[in-house]
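Hi,

Here is the structure I promised to pass on. Could you have a look when you get a moment?

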Amino acid sequence: MYSNRTTVTKFILLGFQIHEPFHILLFTLFLLTYVITLTGDFLIVILVTRSHRLQYPMFYFLKHLSVSEILFTSNITPNMLHIILRHGGFMPFAGCIIQFYIYIASGSLESLLLTVMSYDRYLAICNPLRYADMMNLQFCRTLVLASWLMSFTLVLITVTLLCQLSFCGPNIIDHFFCDFAPLVDLSCSDTSVIRLEVVLLSVPIVASTFSFILWTYICISITILHIQSTTGRRKVFSTCSSHLASVCSYYGPLIVIYMVPYRRHSVNERQTLSISKFLSLLYTVFTPLANPIIYSLRNADIKKAIQKAVHKH
């Protein structure tokens, strides 16, 4: 699909240009973060799969959210750790395309799953009498399957257009993974079509999912305000506080990365790249760490399941 038009067979990823002692510090920090993220997400998957206490739609969606984050962070972090140790690294052209595909698809999947989870909280709080009938197992499976298929199918449009671009050199990417902008900037062919396609495809999806989540929480807030007792309000709000924290930790960095205008108008190009790397690092390394911590510390059912598992073994 791309071999006839591409002379570049591999890309050089520069990673982080910092002094030697800080490489070891960064490697240790990111490795520890990665291990904690994987441990937390795998723990959630195992607990939700095996614990009878967690057989509810919200935790079913949470399990798939954890799987998407395992895929997301494992796609980037191991190779980033290698780049830090080697002060740079190589990525085959096909490997770079695959990494970009998984990065965008798994990120889109997380966005859709958070949207599904917000709908679940909306039904549970605003329409509790019909919740059990509407949010049945078959419907939950349909929502999850649709999220997986939509995420990994729509991204193929962008990947197909990306593979049709010509890459004649240079092949140096001043980043720690194959992101869209650094890849497209290296192309020696016209990139206007793919840039327009990304805007037309990604902006409506991100805007629509975020708007839907915002709408559900406006409805939830109105419902909570109509509850007379303070204890009742606190109890109802606690059922969606973990999800709300996950939404903030996901969309916060995402909006800053792709929406803040100063990234294009920095004092110099080097400063722009540094800011871009830092924001990408926040989104790709530390945001996946947030969900296991949030649900382990704030969700009573998860904490009880962990305590029961520890006590059992």
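This is a predicted model: local features need pLDDT of at least 70, side-chain atom pairs count only at pLDDT 80 or more; totals for chains, interfaces and linings use all residues.

Residues are numbered from 1 along each chain as its sequence is written, and side-chain values use heavy atoms, with hydrogens and water left out.

First, the charge. Arg50, Arg53, Lys304, Lys308 and Lys312 gather in a positive patch on the surface. Patches take residues with over 30% relative accessible area and no salt bridge, joining like charges within 9 Å and nonpolar side chains (Val, Leu, Ile, Met, Phe, Trp, Tyr) within 5 Å. A salt bridge here is a Lys or Arg side-chain nitrogen within 4 Å of a carboxyl oxygen of Asp or Glu. Lys and Arg count as positive, Asp and Glu as negative, and His and the chain ends are not counted; a charge is placed at NZ of Lys, CZ of Arg, CG of Asp or CD of Glu.

Helix H10 (residues 300-312) gives the most to that patch, three residues. Helices are DSSP runs (H or I, at least four residues), numbered from the N terminus. Lys304 sits in H10 and is partly exposed at 43% relative accessible area (buried is under 20%, exposed over 50%, partly exposed in between; 1.4 Å probe, protein chains only).

Then the nonpolar patch: Phe210, Leu214, Ile218, Ile222 and Ile255 share about 410 Å² of accessible area (Shrake-Rupley method, 1.4 Å probe). Helix H7 (residues 192-225) supplies four residues, the largest share.

Finally, Asn75 in helix H2 (residues 57-86) counts as buried because its relative accessibility is 14%.

Cheers

Methods:
Helices (H or I, at least four residues) and strands (E, at least two) are DSSP runs, numbered from the N terminus.
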